[in-house]
Amino acid sequence: MIDVEKIRKDFPMLQNKKMQGHDLIYFDNAATTFKPQCVIDAVTHYYTDLSVNAHRGDYELSYQVDSEYEGCRKAVASFIHADEKEIVFTSGASNSLNLVAYGYKKFLKKGDVVLSCEAEHASNILPWMKVCEEVGCELCYIELDEEGRLPIENFRKVMNERVKVVALAQVTNVLGYEVPMKEICAIAHEYGAIVTMDIAQSAPHMSVDVKDIDCDFASFSAHKMCGPTGIGVLYGKFELLQKMDPFMVGGGSNARFDMCGNILLKDAPYKYETGTPAIEAVIGFHAAIDYLSAIGMDNIHQYEQELHAYAIEKLSKLDNLILYNPHADGGIITFNVKDVFAQDAASYFNSQGVAVRAGQHCAKLLMDKLNTSATLRASCTFYNTKEEVDRFVEVCKNATIENCLNVFF
Ligand SMILES: Cc1ncc(COP(=O)(O)O)c(C=O)c1O
């Protein structure tokens, strides 16, 4: 059970914040979430009480930083049911997804196939486009159904021995559908392909067990799950992390090197962590993981699904809206106001104190499928309330062409 009133007290950004003179309704959580006080305190704790580098020093403060830094790795590992040595800290999901594509490139050859789909975020498609261009592989797209879901039969149909990589999000960031990743991994592995899973939109909202799913890689960002910006995770099976190369080398990631150009990198995960990391963000991330775990990921998931169903029930009665994903599996509502360009409608929502996102949401390939050039996206999370949904629905009701255009005059 979620005690939303109690939870809201933890977030400074939810305390009497106004936007355009209205109480702020923040429905852009798929872009980034607000931070609870415990995360802000953890970041401040680093700068106030520690403030020294990690993995470098031989003095007490340095040991303490190392211990807090590695404590976060342990917490992340347990959060997604991985081993500590399989957790690489990166700057975010985009960084992690690029790292997989770059690192796995050396195992691909001309004629191999990388499989993805049109619903993917640019950060899970563009790195593979580049790899395919460089190596001569083919990037193919699994067909989505009418609703924009990825049916397992469509995946099975296109799977064959040429496929070496399957790159998919567990939950897509525009339509919010959950993809059956466990089945996908089992089928991909039968054909000898690896699966790189983008969990940027699932890890913040539901329990994710990478061992049970048996994916080879999983990438996510802390800032979408109440943690700081500038820190993310790449989970990888240890043997794969050991075999791949990092795209950055330098201080911190090497065991030794000599003047003949011989470089010996450390074992994973450290071989991927070159340079001084975002230490305060790692420490803040640990606080975020503890915070979410205390609420319970299953409780969060259930609450967000209920909030989504509550909103859809009301929104589907409005005839001025087009709803693209009434059956989403999480808190994402993607829609348009009929005959109003998405950005213009977003300006109207802004004028009413409601923060929603307009555009293509980094999933440009999906827009053709939805038969539009852009959409609005309202994304709720566990600290949003039914009362906020009610006010949002009222604003949607009043989002007529006249009202939307009046914002500009
Ligand atoms: C599904 C998905 N993948 C990847 C990303 C990239 O995350 P970041 O910008 O934190 O690197 C996002 C961010 O919106 C996302 O929604």
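Predicted model: local features only at pLDDT ≥ 70, side-chain atom pairs only at ≥ 80, totals over all residues.

Colleague: What makes the chain as compact as a globular protein of its length?

Modeller: The chain contains 15 helices and 17 strands. The globule rule, 2.2 Å times the number of residues to the power 0.38, gives 22 Å for 409 residues, and the radius of gyration of the chain is 22 Å, so the chain is as compact as a globular protein of that length. Along its principal axes, the C-alpha trace spans about 70 × 55 × 40 Å.

Colleague: Which domains does the chain have, and where do their bounds lie?

Modeller: The domain assignment gives domain 1 as 4-30 + 296-406 and domain 2 as 39-294. The C-alpha centres of domain 1 and domain 2 are 28 Å apart. Their contact takes 23 residues from domain 1 and 21 residues from domain 2, where a contact requires C-beta atoms within 7 Å.

Colleague: Which elements supply the side of domain 1 that touches domain 2?

Modeller: Helix 11, strand 14 and helix 13 (366-370) each supply at least two residues of that side. The largest share, five residues, comes from helix 11. By class, the side of domain 1 that touches domain 2 divides into ten nonpolar, seven polar and six charged residues.

Colleague: Why are strand 4 and strand 6 said to stand at the edges of their sheet?

Modeller: The sheet in question is open, has seven strands in the order 4-10-9-8-7-5-6, and its pairing is mixed. Strand 4 (87-90) and strand 6 (138-142) each have a single partner strand, so one side of each is left without a neighbour in the sheet. Neighbouring strands of this sheet are turned by 20° against each other on average, direction ignored.

Colleague: Which strands does helix 7 lie across?

Modeller: Helix 7 (residues 181-190) lies across strand 7 (163-169) and strand 8 (194-198), and runs at about 160° to strand 8.

Colleague: What is the strand order of the open sheet of four strands, and what is its pairing?

Modeller: The order is 13-14-17-16, and the pairing is antiparallel. Strand 13 (321-323) and strand 16 (357-359) are the edge strands, since each pairs on one side only. From one strand to the next, the twist averages 30°. Strand 13 and strand 14 (residues 332-337) run antiparallel and are joined by three bridges. Within this pair, Ile322 stands opposite Asn336 in strand 14.

Colleague: Which helix lies across strand 13 and strand 14?

Modeller: Helix 11 (residues 297-315) does so, running at about 20° to strand 14. Helix 12 (residues 342-351) also packs on the sheet and touches strand 14, strand 16 and strand 17 (375-379). The direction of helix 12 makes about 165° with that of strand 16.

Colleague: What do strand 11 and strand 12 form?

Modeller: They form a hairpin with five residues between them. Strand 11 (residues 254-257) and strand 12 (residues 263-265) pair in the antiparallel sense over three bridges, and Asn254 stands opposite Leu265 in strand 12. In the turn, Gly261 has a positive phi of about 90°.

Colleague: What kind of peptide bond joins Ala268 and Pro269?

Modeller: The bond is cis, with omega about 5°. Pro269 is found in the loop between strand 12 and helix 10 (279-295).

Colleague: Which residues of the shell are the closest to the ligand?

Modeller: Of the 13 residues that surround the ligand, the closest are Gly92, Ser94, Asn173, Ala200 and Ser221. Helix 4 (93-104) and helix 5 (122-135) each supply at least two residues of this shell. By class, the shell has four nonpolar, eight polar and one charged residues.

Terms used: Residues numbered from 1 in each chain as written. Near = placed C-beta within 6 Å. Nonpolar A, V, L, I, M, F, W, Y, C, P; charged D, E, K, R; others polar. Pairing = 2+ DSSP bridges. Axes fitted to C-alpha atoms, helices over the stretch in contact; angles between N-to-C directions. Contact = placed C-beta atoms within 7 Å. Domains from an automatic or database assignment.
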